[in-house]
Amino acid sequence: MIMTFTNIFRENEKLFREATQFFIDKYLHRLDDKIYIEIFGDEDFDILGECEWFDTNDKPRWFCITLNTSESIENQLVTLFHELFHVKQYAKGELMDYIT
């Protein structure tokens, strides 16, 4: 898995990297070498977080997770895991966006 971080405090990046790897090892281990996740921090974000896919609506492999960095580190970590579940759902075809 490839992970990139933008606008995440350096002291939090290690924690987020380890948490994300733990999640991937537990729930997406067969796709580990096929997943690309960008984690982006935004202190002005008006929601806790969101997960977007970028390559295809059918079992995507490239994701962006945005976290509200004005929240506590605990809330950011809970939000990260919540958004990672969406990564799992999208990557395994358990969740799809219907585009009209």
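The charged end of Lys 26 lies over the ring of Tyr 27, 6.0 Å from its centre (NZ of Lys or CZ of Arg within 6 Å of the ring centre and within 35 degrees of the ring normal). The model is a predicted one, in which local features need pLDDT of at least 70 and side-chain atom pairs count only at pLDDT 80 or more, while totals for chains, interfaces and linings use all residues. Residues are numbered from 1 along each chain as its sequence is written, and side-chain values use heavy atoms, with hydrogens and water left out.

Tyr 27 also belongs to a cluster that ring pairs build with Phe 23, Phe 81 and Phe 85. Rings of Phe, Tyr and Trp (its six-membered ring) pair if their centres lie within 6.5 Å, with planes under 30 degrees apart stacked, over 60 edge-to-face and the rest tilted. Seven aromatic pairs occur in the structure. Phe 23 and Phe 81 make a tilted one, at 6.3 Å centre to centre and 55 degrees between the planes. Because Phe 23 lies in helix 1 and Phe 81 in helix 2, this pair ties together parts 58 residues apart in sequence. Helices here are DSSP runs (H or I, at least four residues), as are strands (E, at least two), numbered from the N terminus. Phe 23 is buried, with a relative accessible area of 1%, whereas Phe 81 is partly exposed at 25% (buried, under 20%; exposed, over 50%; partly exposed, in between; 1.4 Å probe, protein chains only). The rings of Phe 23 and Phe 85 are edge-to-face, with centres 4.9 Å apart and planes at 85 degrees.
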